[in-house]
Amino acid sequence: MEIFETLESITKPIFKEMMIKIKPRVDCIIADGVMEIAVDVAEELGIPVIQFRTISACCIWAYSVVPDMIQAGELPIKGEEDMDRLIKSVPGMETFLRCRDLPSFCRVSDINDLTLQRIAKCSRKNFKGHGLLLNTFEDLEGDILSHMRTKSPKIYTVGPLHLHLRTRLFDSNPTLLNQSSNSFHEVDRSCLSWLDKQPKGSVVYVSFGSIAVLSSEQIFELWFGLVNSGKRFLWVLRPDNMPEKGDKGISIPIELVEGTKQRGCMVSWAPQEEVLGHGGVGGFLTHSGWNSTLESVVEGVPMICWPYFADQQIK
């Protein structure tokens with residue numbers, strides 16, 4: 001939470017001064033929905049502000065009604081209680097939202113937890129601007145969006161953004177499609193050649209995104225599962241998550257090495273959109289990050305979900 005305190009004390013005055021001095025006058029601010037300082041400055045200076053959130057509508061809606069969940073006695077989650085207990089105070093989700101489906105930030109024992117309160121406050125503030133842009137689409141989250149629009153009618157679904165970008169790149173210059181990447185990681189395209197040699201729909205694609213870190217125990221358990229399943233698999237295993245890193249003395253069992261050679265392909269990072277759009281892929285084991293979810297939905301690839309933290313559980 002220190003970063004938010006720094007933004008408030010240091011960045012906010014600088015940003016406000018910049019908005020005052022800039023000529024011609026700023027007509028509108030489009031701000032990340034978690035950047036409260038931009039919203040506050042815009043309100044102080046009478047500048048219209050449109051907020052943009054990169055997570056799902058379902059998650060924003062759940063965050064925004066945290067006070068209602070607390071008032072209903074549904075938060076905090078008490079000890080080892082049944083995680084399948086229904087949460088009934090989130091409009092539109094009364095019949096299916098369980099404790100285990102709540103974003104990880106909601107799984108606190110203290111309702112005064114600073115992270116929980118800040119995220120709830122921030123999400124409620126999203127409804128107070130001149131508009132809210134969401135990287136989603138009506139056919140996917142229309143029911144929840146209808147509830148959100150009772151709080152703010154000016155909600156605009158502009159997703160899936162990756163598909164819009166891909167379409168624009170194709171229309172302008174098709175050769176740019178495979179050259180454009182929004183990743184900080186170096187992409188290993190050799191996996192596409194490997195996929196070309198696999199039967200249609202035979203490969204399980206495994207990737208847990210750019211942040212989630214698995215323990216060595218989890219990695220080996222998953223690795224044994226993939227090998228022993230007898231199915232072909234393409235696994236993105238980042239260098240910072242390899243068992244050797246920080247676990248000196250751990251050797252990889254020969255059956256995993258041989259099993260991977262026979263039916264698997266492992267890379268440090270993959271061109272995910274192209275992988276999911278490849279005919280060889282039949283399923284996606286994912287951490288349920290919103291980008292990954294949208295990319296898989298667009299390509300019609302079934303998902304096995306293993307959410308890690310933050311907004312991933314509620315998807």
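Student: Hi! Which domains is the protein chain divided into?

Tutor: Hello! There is domain 1, residues 57-157, and domain 2, residues 184-305. Bear in mind that the model is predicted.

Student: How far apart do the C-alpha centres of domain 1 and domain 2 lie?

Tutor: Those centres are 31 Å apart.

Student: And how many residues are in contact between domain 1 and domain 2?

Tutor: On the domain 1 side there are five, and they touch four residues of domain 2.

Student: OK, pockets next. What volume does the second largest pocket have?

Tutor: Its volume is about 320 Å³.

Student: Which residues lie nearest the centre of that second largest pocket?

Tutor: Cys-58, Phe-96, Glu-141, Ile-314 and Lys-315 do, out of a lining of 18 residues.

Student: Which helix gives the largest share of the lining of the second largest pocket?

Tutor: That would be α6, with five residues. Helix α6 spans 138-148, and both α6 and α12 (290-299) supply at least two lining residues each.

Student: Which domains does the lining of the second largest pocket draw on?

Tutor: Domain 1 and domain 2 each provide at least three of the residues around the second largest pocket.

Student: Now cavities. How many of 30 Å³ or more turn up in the whole structure?

Tutor: The search finds one. The largest cavity has a volume of about 50 Å³.

Student: Which residues line the largest cavity?

Tutor: Ser-207, Phe-208, Gly-209, Ala-212, Leu-214, Val-236, Leu-237, Arg-238 and Asn-241.

Student: Changing topic, what order do the strands take in the open sheet of four?

Tutor: They follow β1-β2-β3-β4, and the pairing is parallel.

Student: What does the twist average from one strand to the next?

Tutor: It averages 25°.

Student: Back to β1: how many bridges join β1 to β2?

Tutor: Four, with β2 covering residues 49-53 and running parallel to β1.

Student: Which residue in β2 does Ala-31 stand opposite?

Tutor: Its counterpart in β2 is Gln-51.

Definitions and conventions:
Residues are numbered from 1 along each chain as its sequence is written. This is a predicted model: local features need pLDDT of at least 70, side-chain atom pairs count only at pLDDT 80 or more; totals for chains, interfaces and linings use all residues. Side-chain values use heavy atoms; hydrogens and water are left out. On a 1 Å grid over the protein atoms alone, a cavity is a set of points where a 1.4 Å probe fits but cannot get out, and a pocket is an open set with protein on both sides within 12 Å along at least five of seven lines; lining residues have an atom within 4 Å of a point. Grid points are joined across faces, edges and corners, and a volume is the space filled by probe spheres set on the points. Domain bounds come from an automatic or database domain assignment. Two strands pair if DSSP finds at least two bridges between them. Axes are lines fitted to C-alpha atoms, for helices over the stretch in contact, and angles run from 0 to 180 degrees between N-to-C directions. Contact means heavy atoms within 4.5 Å.
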